[in-house]
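Dear colleague,

I am passing on the structure that you asked for, and below it you will find some notes on what turned up in it. Please read them with the model open beside you.

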Amino acid sequence: MTGINFHGIWAIYKFEMARTLRTLWQSIATPVITTSLYFIVFGSGMGSRIPSIEGVPYGSFIVPGLIMLSLLTQSVANASIGIYFPKFTGTVFELLSAPISAVELVVGFVGAAATKSLVIGLIILLTSGLFVPLRVDHPLAMLAFLLLTSISFSMFGFIIGIWAKGFEQLNVVPALILTPLTFLGGSFYPLSFLPEPWRTVSLFNPVAYLISGFRWAFFGDVGDIDVRWSLGFIAAFLALCLGLIVTIFRTGYRLKN
């Protein structure tokens, strides 16, 4: 039984990271600037009318939601374009014929996409400290949520990149599903602010569990949902993406067209 080809993983990883460096303004600066504008608009505008939520200043309260918004969208976008572009140019045949396994291929692409998302998330975290006071009650939990979310949604983006037949389809899920779910998942408000039945409806939003768990890592008991449910969701989603990727490579679904 042959071992893992770390050289193949590193080659894919290095190529994807180099592509990010070539588009540094779009890949890194744009999401950071966009998030800074959220702080200016929501933190300054609404923060003056909502002084605090459960003892947390409103500007600080929205930090986990803003980081999660960028993390989800960037993870999906980076991974989907990473695997779709070789399909678009025809170089996917070189990847499929190279002496690397499906596991190594996925680790290279997903690892690079997750790294980019983590870097953006950490930069936004540091940037937010320039606008609002921050505290992190559970730093290990925060890092765990960052890591699990970036990996699982990078895998989800990899699946979207395999599924998409055109650049338009690459944006369907992030723009029409993921972003609305994030905005409606408590990024800018606690779910307890919603009247019934909308509060109950929000509990069926899977992204709400991620935002609540991530906010708990910052501020303790401020989260709307038990952190164990949040961890359970991200673990289940990770397992689902793994299962779908295994199925894709076993069946060859859309890998060559």
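T149 sits in helix α7 (residues 139-163), where helices are DSSP runs of H or I with at least four residues, numbered from the N terminus. This is a predicted model, in which local features need pLDDT of at least 70 and side-chain atom pairs count only at pLDDT 80 or more, while totals for chains, interfaces and linings use all residues. Residues are numbered from 1 along each chain as its sequence is written, and side-chain values use heavy atoms, with hydrogens and water left out.

Because its relative accessibility is 0%, T149 counts as buried (buried means under 20% relative accessible area, exposed over 50%, and partly exposed in between, with a 1.4 Å probe and protein chains only). Apart from neighbours within four places in sequence, T149 is in contact with M68, L71, L72, L210 and I234, contact meaning heavy atoms within 4.5 Å.

In helix α1 (residues 6-22), the buried residues are G8, I9, I12, E16 and T20. Seen down the axis of α1, these buried residues fall within an arc of 115°, so they line one face of the helix; the arc is that of the directions from the helix axis to the C-beta atoms. On the other side of α1, the residues F6, H7, F15, L21 and R22 are exposed.

Finally, V41 belongs to helix α2 (residues 24-46), and V41 counts as exposed because its relative accessibility is 52%.

Best wishes

Key. Helices (H or I, at least four residues) and strands (E, at least two) are DSSP runs, numbered from the N terminus.
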